[in-house]
Amino acid sequence: MNLLLVLARMVALGGMLALAGCVTANNSLSQSDIASMKLAGVAVSFAPDARIQWEDGLRAYADSKAVSLEQAATIADTPEAKAFVQGLLTPRIKAGVEQVLAARLAGTRPVRLDIRVKSLLFPSAIQRVVIGGHRGMIADANLVDARTGALIVAYPELNASLYTGQGIVGAAVQAAIDNSAGPTPVDKVSVRYGEIYRNWLLKDGV
């Protein structure tokens, strides 16, 4: 078997063991409180100073403007460019988190999870070769009553990250994984964020 494919499988298995920040938020909800909840939806927003590093999004913006990726990078911090990239990310984050939570929150009280993204980083292959870096998202997670908007429980700055291939070999292996059929890196991080939140909310452990 091709060595690269063998390494790709090893990294894929390692990626299942996602890296995550320590759980520090307090969850005081009772099991009966949790059992009564039904997920009515997930809302995604971005902090004004949210840090986004996502080459695919920047490339899509460049294509929309018929400019080079290098030219797009010079205007990546403009309100228009930020709104464009955030618009691409929002439905994917929403879908990934809802996919994880919907089946576990099936009570009668409608609740909504408001996610406010503060950081979403997908370091490029070159960066991972030179200085390293893993993919991940940091976002506030506020569970609110869907009818009144009242806050039920908050998890500020929940950090979800995934192992990503480092160095020359690691970056090549990661590229092989990314180019294969399956969820995209954004989808994987979104699902992992949902998993960490679900485990914390339901007190299932990580």
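This report describes the fold, sheet, core and selected residues of a predicted model.

## Basis of the model

Local features are described only where pLDDT is at least 70, side-chain atom pairs count only at pLDDT 80 or more, and totals for chains, interfaces and linings use all residues. Residues are numbered from 1 along each chain as its sequence is written, and side-chain values use heavy atoms, with hydrogens and water left out.

## Overall fold

The protein has eight helices and four strands. Helices (H or I, at least four residues) and strands (E, at least two) are DSSP runs, numbered from the N terminus. Read from the N terminus, the order of elements is α-α-β-α-α-α-β-α-β-β-α-α.

Of the 206 residues, 39% count as buried. Buried means under 20% relative accessible area, exposed means over 50%, and partly exposed lies in between, with a 1.4 Å probe and protein chains only. Among contacts (heavy atoms within 4.5 Å) with a separation of 6 or more, 76% are between residues 24 or more positions apart.

## The sheet

The four strands form an open sheet in the order β1-β2-β3-β4, with mixed pairing. Strands β1 and β4 stand at the edges with a single partner strand each, so one side of each has no neighbour in the sheet. Neighbouring strands are turned against each other by 20° on average, direction ignored. Two strands count as paired if DSSP finds at least two bridges between them.

Strands β1 and β2 run parallel and are joined by 13 bridges. Along this pair, Phe46 stands opposite Val117 in β2, and Gln53 stands opposite Leu121 in β2. The pairing of β2 with β3 is antiparallel, over 10 bridges. Here Leu113 has Leu143 in β3 as its bridge partner.

## Helix α8 against the sheet

Helix α8 lies across β1, β2, β3 and β4, and runs at about 135° to β4. Axes are lines fitted to C-alpha atoms, for helices over the stretch in contact, and angles run from 0 to 180 degrees between N-to-C directions.

Of the 17 residues of α8, 14 are buried. The helix reaches 24 Å from its first C-alpha to its last, close to the 24 Å expected at 1.5 Å a residue; the expected span is 1.5 Å times one less than the number of residues. Lys203, which follows α8, has a positive phi near 60°.

## Nonpolar cores

A nonpolar core is a set of buried Ala, Val, Leu, Ile, Met, Phe, Trp, Tyr and Cys residues joined through side-chain atoms within 4.5 Å. The largest one has 40 residues, and the members that touch the most others are Ile93, Leu113, Val117, Tyr193, Tyr197 and Leu201. Two or more residues each come from β1 (37-54), α5 (79-101), β2 (109-122), β3 (135-145), β4 (151-162) and α8 (185-201). Strand β1 gives the largest share, eight residues.

Apart from neighbours within four places in sequence, Val117 is in contact with residues including Val44, Phe46, Ile52, Ile93, Met137 and Ala139. A second, separate core has five residues, among them Leu58, Tyr61, Ala62 and Ala81.

In helix α3 (residues 55-65), the buried residues are Gly57, Leu58, Tyr61 and Ala62. They cover an arc of only 145° around the axis, which puts them on the same side of α3; the arc is that of the directions from the helix axis to the C-beta atoms. The buried residues of α3 pack against β1, α4 (69-74) and α5.

Ala66 lies in the loop between α3 and α4. Its phi is near 55°, a positive value in a residue other than glycine. Ala66 counts as exposed because its relative accessibility is 71%.

Trp54 lies in strand β1 and counts as buried because its relative accessibility is 10%. Leaving aside neighbours within four places in sequence, Trp54 is in contact with Val85, Leu88, Leu89, Arg92, Phe122 and Val186. Trp54 and Phe122 are 68 residues apart along the chain, yet their C-alpha atoms are separated by 5.3 Å.

Glu157 lies in strand β4. Although not a glycine, Glu157 has a positive phi of about 50°. With a relative accessibility of 47%, Glu157 counts as partly exposed.
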